[in-house]
Amino acid sequence: MRLALERVGHAFLGRTVLDDVSLALDAHETVAIVGPSGCGKTTLLAIAAGLFDPLSGGVRRAYARHAAVFQEPRLLPWRTARENIGYGLEVRGVRRRARHAIAERLAEAVALAPEDLDKFPVELSGGMRQRVAFARALAIDPEVVFFDEPFTALDVGLRRALQDLVIGSARERGYAALFVTHDLLEAVRVAHRVIVMAHRGGRLAGMRTVADAPGWRDERTIWQTAEAWRTGDPLFAHVFGVEERA
Amino acid sequence: MIVRALGRLGRYAWSGWAGLTGLCCIAAAWQAGHEAYGSFILPAPLDTARALAALAASPEFLRTATETTGRALAGFTLAAVGGSLIGVLAGYSHAAIRAVKPILTVVLGVPPIAWIVLALIWFGSGGGTAIATVLIAALPIAFAGAAEGVATRDRALDAMARAFGAGPLRRFRSVVLPHLVSHLFPAWTTTLGTSFKVAVMAELLSNAGGIGGALAVARANLDVADAMAWVVLVVGLLLAFEYGVLHPVREELERWRAAGVPWGVKR
Ligand SMILES: Nc1ncnc2c1ncn2[C@@H]1O[C@H](COP(=O)(O)OP(=O)(O)O)[C@@H](O)[C@H]1O
Ligand SMILES: [Mg+2]
């Protein structure tokens with residue numbers, strides 16, 4: 001067990017956003033969280049990442065380093081791609097030369113061209129920025145990575161490429177991941193398990209396990225699983241039904 | 001690295017030609033005014049330049065100019081450093097900003113001339129009066145810029161930094177400070193301008209020498225060319241510090257902003 005949320009509850013201005021949420025994340029495991037927008041996914045992730053404390057319940061962590069990839073790249077505009085990738089390392093006191101070496105290695109891993117490393121974020125495309133943000137997360141060699149709808153803003157082809165990067169790097173590096181998305185296909189592709197959040201009340205509605213490990217599933221099975229869940233499974237019907245009516 | 005920095009400096013100097021064009025436009029309008037109203041009201045730019053050269057030849061000149069510059073810069077430094085520091089601290093607290101805002105309005109609402117009178121009473125006539133007036137008139141501007149800069153920091157970036165384990169000091173340095181620069185420099189530019197103006201005004205009224213004192217003498221002698229020459233000198237000093245020090249530093253700190261500008265627009 002790497003991370004456990006125990007009966008977490010939270011409210012903003014008296015409005016309940018999370019209520020009695022418990023979940024555990026094993027080592028080497030990717031868990032997707034799906035749910036309609038506004039149901040509290042980002043809040044859940046922020047609490048898990050320790051950005052703020054929940055009003056009730058607690059978070060247990062059995063690891064040393066975590067990293068996060070957000071919906072927007074959140075790069076420091078005044079730093080080049082290279083220095084952005086090295087940010088987490090800098091926080092940990094890694095020397096400049098070592099940071100740059102790691103940044104160069106990771107740029108290759110996330111398919112960034114070496115000449116892009118000296119560019120500022122404004123000079124990069126949306127997909128490249130998100131690659132930099134992903135490389136920044138991998139740079140600190142995290143044991144847990146939090147993803148908050150990281151690829152929502154990208155087009156389908158790019159999204160696929162980055163999903164494959166997540167699957168590949170999670171397997172190679174062995175990090176556990178909590179992956180928030182509201183794309184069911186994405187959840188089925190990258191995760192071992194899919195947790196569904198209720199659209200109101202801040203509770204978890206249920207959980208489904210995907211057959212085989214991520215990366216070993218063929219596209220047809222992924223697509224069929226997602227489709228079967230979307231159309232035939234009452235757990236998802238309420239989530240995506242709400243989405244379509246909204 | 002150094003070569004690239006020199007290249008940027010060269011480009012900055014080159015951009016000075018455009019600024020020079022602007023100054024020439026002012027000179028042309030000045031000349032037109034001179035031809036319309038005559039030498040007594042508005043001496044020609046060239047006559048003023050000649051008067052300035054004559055003044056510069058006198059042994060008193062350097063002392064007068066450095067006296068005013070010293071006072072303006074002393075006031076500016078105190079105001080910029082003090083105002084920015086308090087501003088940064090206040091910027092982190094909405095309550096502090098709300099509490100300080102009316103004070104700022106009051107302080108900024110009192111005309112500098114009134115501060116000079118008060119400072120004269122408190123400090124007597126001398127350099128201290130000029131510096132104190134500059135400080136009071138300029139500090140709120142630096143404060144407002146710094147507080148505004150911190151208050152408008154990017155909270156999403158701040159959360160990112162926290163997610164990567166950055167402590168408050170590092171977050172200030174890596175997330176807030178670079179953003180703050182874009183608020184501080186315009187404030188400091190205004191602060192510097194205020195400093196020179198108020199320093200001269202305070203000197204003139206408190207009989208404390210410097211360029212203000214020299215202006216008072218020129219006025220007593222009805223020597224319009226001399227008065228104009230001193231005015232030109234003050235403006236020249238201000239331009240020198242603003243474009244010789246403040247702007248190059250800012251350009252160097254804000255290279256990332258220039259990176260986003262398309263090629264044709266660069267200069
Ligand atoms: N800082 C905040 N203050 C007040 N309300 C908030 C805050 N953050 C989120 N909320 C509210 O909490 C609910 C859940 O938000 P969020 O966790 O961002 O949802 P999701 O990520 O699932 O779309 C939303 O209704 C949102 O308006
Ligand atoms: Mg969200």
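When I say contact today, I mean heavy atoms within 4.5 Å. Hi everyone, and one reminder before we start: this is a predicted model.

Let's begin with His100(A). You'll find His100(A) in helix α4 of chain A, which spans residues 96-109. Is His100(A) buried or exposed? Its relative accessible area is 18%, and buried means under 20%, so His100(A) counts as buried. If we set aside neighbours within four places in sequence, the contacts of His100(A) are Arg82(A) and Glu83(A).

Now, the nonpolar cores. The largest one has 94 residues, and the members that touch the most others are Phe134(A), Phe146(A), Phe147(A), Tyr175(A), Leu178(A) and Phe236(A). Which helix gives this core its largest share? That would be helix α5 of chain A, residues 126-139, with seven residues. The core also takes at least three residues from each of two domains of chain A: domain 1 (27-52 + 144-233 + 241-246) and domain 2 (75-142).

Stay with Leu178(A) for a moment. Leaving out residues up to four places away in sequence, Leu178(A) touches a list that includes Leu3(A), Leu23(A), Val31(A) and Ile33(A). Phe146(A) and Phe147(A) are also among the residues it touches.

There is a second, separate core too, with 28 residues, including Phe185(B), Val198(B), Leu237(B) and Leu246(B).

Last stop, chain B. Leu52(B) sits in helix α2, residues 45-57. Beyond its neighbours within four places in sequence, Leu52(B) contacts Phe61(B), Ala229(B), Val232(B) and Leu233(B). And for those who like distances: Leu52(B) and Ala227(B) are 175 residues apart along the chain, while their C-alpha atoms are separated by 9.4 Å. Thanks, everyone!

Conventions:
Residues are numbered from 1 along each chain as its sequence is written. Chains are lettered from A and ligands numbered from 1 in the order in which they are written. This is a predicted model: local features need pLDDT of at least 70, side-chain atom pairs count only at pLDDT 80 or more; totals for chains, interfaces and linings use all residues. Side-chain values use heavy atoms; hydrogens and water are left out. Helices (H or I, at least four residues) and strands (E, at least two) are DSSP runs, numbered from the N terminus. Buried means under 20% relative accessible area, exposed over 50%, partly exposed in between (1.4 Å probe, protein chains only). A nonpolar core is a set of buried Ala, Val, Leu, Ile, Met, Phe, Trp, Tyr and Cys residues joined through side-chain atoms within 4.5 Å. Domain bounds come from an automatic or database domain assignment.
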